[in-house]
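Thanks, everyone, for making time this morning.

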Amino acid sequence: MMYIDPTKYTERPADERIPQELAIYDRLEELGIPYVRVDHDHADTIQICAEVEQVLGSKICKNLFLCNRKQTDFYLLMMPGDKPFKTKFLSAQLGCARLSFADDGHMRDCLQTIPGSVSALELLFDRDQRVQLVMDRDLLSDEFISGHPGISTSTLQLKREDLLKFVESTGHTPVYIDLPDPRREEGAEGC
């Protein structure tokens, strides 16, 4: 069973953390952005994150790091955690054929993180603007957006507007898309 500290913290951790995580807290403080933090064992799948959601009190979005076939264009897709992902729908909306998951090396080079830990907070490290943030509009209906601060042993809950303020401070502008939810379409057909 995964360990989750039931405490909701509203300040940076006092214990030793990786430099990337501390840099994210520095930027949040610089921008005056409040957050709620929950610490836990590595939560690097959306299924494990569901347990963290119970303590946090809000959903954690799915973050997928993708690239084109030539591995020259990179995308960070944020979408509801419980929504199935189909590459063809995203490819069509971005006008980019053959999207696939980017490898660990590109994730490390662009965002200074590892698989299972990626979130929009790591755009802080994309100083060359190599990564395009892509957000499913369904996230805009949520009051909070949560993600890992550089590593999947903590999760931060931020107000949606504050996360967008953070993203803008990194020089990134999200592209908004509408990914269909096959579960809703299946349910609609049966009515």
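Let me begin with helix H1, residues 19-31, bearing in mind that this is a predicted model. The residues buried in H1 are Glu21, Ile24, Tyr25, Arg27 and Leu28. Looking down the axis of H1, we find these buried residues within an arc of 160°, so they line one face of the helix. Among the elements that cover them are strand E1 (36-39), strand E7 (154-159) and helix H5 (160-169), while the face of H1 turned away from the buried side carries Pro19 and Glu30, which are exposed. Just after the helix comes Gly32, which takes a positive phi of about 70°.

Now to strand E3, residues 74-79, where 6 of the 6 residues are buried. In a regular strand the side chains alternate between the two faces of the sheet. Here, Phe74, Leu76 and Met78 are buried on one side of E3, and Tyr75, Leu77 and Met79 are buried on the other, so that both faces are covered.

What does E3 pair with? Strand E2, residues 62-67, runs antiparallel to E3 and is joined to it by 6 bridges, with Asn63 standing opposite Met78. The hairpin of E2 and E3 has 6 residues between the strands, and in it Gln71 takes a positive phi near 60°. Strand E5, residues 131-136, pairs with E3 in the parallel sense over 5 bridges, and there Val131 is the bridge partner of Phe74.

Notes:
Residues are numbered from 1 along each chain as its sequence is written. This is a predicted model: local features need pLDDT of at least 70, side-chain atom pairs count only at pLDDT 80 or more; totals for chains, interfaces and linings use all residues. Side-chain values use heavy atoms; hydrogens and water are left out. Helices (H or I, at least four residues) and strands (E, at least two) are DSSP runs, numbered from the N terminus. The expected span of a helix is 1.5 Å times one less than its number of residues. Buried means under 20% relative accessible area, exposed over 50%, partly exposed in between (1.4 Å probe, protein chains only). The arc is that of the directions from the helix axis to the C-beta atoms. Contact means heavy atoms within 4.5 Å. Two strands pair if DSSP finds at least two bridges between them.
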